[in-house]
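Visitor: Could you take a close look at one part of this model, the helix packing and the pocket beside it, and describe it with the cut-offs behind each term?

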Amino acid sequence: MNKINNILCVHQGYELYGSDRSFVLSVSILKKIYPNSIIDVIIPKEGQIKKILEPLRCNILINKDLAILRKKDLRSNPLKLLYKIIKGTYNAIENAKKYDLIYVNTIVVLDYILASRFIKKVNILHVREIPTGFQKLVFSKILSFSKMKIIFNSKNTAKSYNLSKTHVATTILNGVRGYKNQINNINDNIFKILIIGRLTKWKGQMLLLEAISKLVLKNKHKIKVRIVGDVFEDQIAYKNSLISYVKKNNLQNIVTFKSFTNDPEKEFSWSNIIVVPSIKPEPFGRVAIEAMSIGRCVVAANHGGLKEIISHKINGVLFEHNNVDSLISELNNVMDNPEYILKYGLNGKITFDENFSREVYEQKFRITIERYTNKL
């Protein structure tokens with residue numbers, strides 16, 4: 001194995017949502033592979049992620065000028081963003097000279113991705129996004145230009161990019177620590193439905209509310225719903241629209257909103273059913289495997305990486321994406337047959353242990369890193 005003394009890890013986030021936690025896991029594995037190395041971590045601002053990075057004994061650097069592609073920046077001032085990318089790329093080239101291995105998490109860290117073309121070190125990019133339309137063309141060109149060695153988080157993510165057959169890339173399905181398996185109690189025939197994660201339109205919270213509104217009108221099942229998570233920074237309009245919908249449709253006694261939590265295990269434990277109703281395809285679907293780890297029934301949209309996690313009516317349920325009637329039908333089916341909820345949850349736990357545990361992921365990640373660092 002090539003000598004790796006100094007490692008740089010770059011991440012676009014600073015909170016503790018899925019990609020943030022996945023990044024921390026990658027950093028922790030790199031520390032295990034190279035225990036004597038110095039690891040510097042760059043994040044764009046102070047945030048909760050810092051607390052779980054600190055025990056890893058890495059140097060946490062705040063770079064507010066990191067050239068991260070955000071839609072609001074692209075819309076509000078594209079010229080300013082372009083300048084930031086050019087300046088950031090130059091700075092990244094200079095900064096990278098002192099490192100032997102550079103690991104970049106997600107495709108929106110443009111300065112370090114573009115800089116990698118000019119850096120003769122081990123450059124690894126972990127791709128966790130599925131671009132569509134024109135974005136697919138742009139990001140495929142950027143990745144090809146960078147010549148970075150790539151890790152995709154699912155086969156569906158990999159298929160979203162047009163790269164040459166010679167481009168060095170591999171797919172590793174995500175893994176998580178998982179939660180302590182607990183009995184899925186359905187008391188008094190009250191079905192507790194959870195949706196957890198970033199509040200944003202494409203995650204499908206509104207689709208679930210539309211389904212719940214129609215289910216309540218039928219007065220067939222007792223339902224409680226928790227929507228857990230927050231919007232990004234000041235993008236409050238979407239959350240307000242969800243709250244307004246709940247009030248307009250008299251769902252206040254059924255639907256509860258809870259802010260982002262550092263301890264999602266409590267929310268998973270509360271639930272019987274976890275819904276992942278994403279409008280756009282999930283690159284992977286971390287919430288689904290977290291739910292499986294605790295033996296909960298997952299009802300998820302049938303596209304993206306979720307299709308690689310869930311086998312329909314074996315270890316969970318898939319519904320036609322962006323189709324409220326299909327979601328209602330599948331929810332009704334499992335609530336009409338509570339034994340299915342328990343069965344899918346138990347099978348999901350088996351699937352998790354065999355394919356998505358931290359140990360399984362760590363082994364695959366380690367093998368890939370060692371292979372990539374041997375091919376300078």
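Guide: Helices here are DSSP runs of H or I with at least four residues, numbered from the N terminus, and their axes are lines fitted to C-alpha atoms over the stretch in contact, with angles running from 0 to 180 degrees between N-to-C directions. The model is predicted, so that local features need pLDDT of at least 70 and side-chain atom pairs count only at pLDDT 80 or more, while totals for chains, interfaces and linings use all residues. Residues are numbered from 1 along each chain as its sequence is written, and side-chain values use heavy atoms, with hydrogens and water left out.

The axes of α1 (residues 18–33) and α15 (residues 358–373) come within 10 Å and cross at roughly 60°. The crossing of α1 past α15 is right-handed, the near helix being turned clockwise from the far one by less than a right angle. In this contact (heavy atoms within 4.5 Å), L25, S26, S28, I29, L30, K32 and I33 of α1 meet R358, Y361, E362, F365, R366, I369 and E370 of α15. By class, these residues are 7 nonpolar, 2 polar and 5 charged, where Ala, Val, Leu, Ile, Met, Phe, Trp, Tyr, Cys and Pro count as nonpolar, Asp, Glu, Lys and Arg as charged, and the others, Gly among them, as polar.

Helix α1 also supplies 4 residues to the lining of the second largest pocket, the largest share. A pocket is an open set of points on a 1 Å grid over the protein atoms alone, where a 1.4 Å probe fits and protein lies on both sides within 12 Å along at least five of seven lines, and its lining residues have an atom within 4 Å of a point. Of the 20 lining residues, R21, I52, R177, R286 and R358 lie nearest the centre, and the lining as a whole divides into 8 nonpolar, 4 polar and 8 charged. At least two lining residues come from each of α1, α2 (49–53) and α11 (286–293).

Helix α11 in turn packs against α14 at an angle of about 115°, with the axes 7 Å apart, and the pair is therefore roughly perpendicular. Here I289, M292 and S293 of α11 meet G348, K349, T351, F352 and F356 of α14.

Terms used
Parallel < 35°, antiparallel > 145°, perpendicular 65-115°, else oblique.
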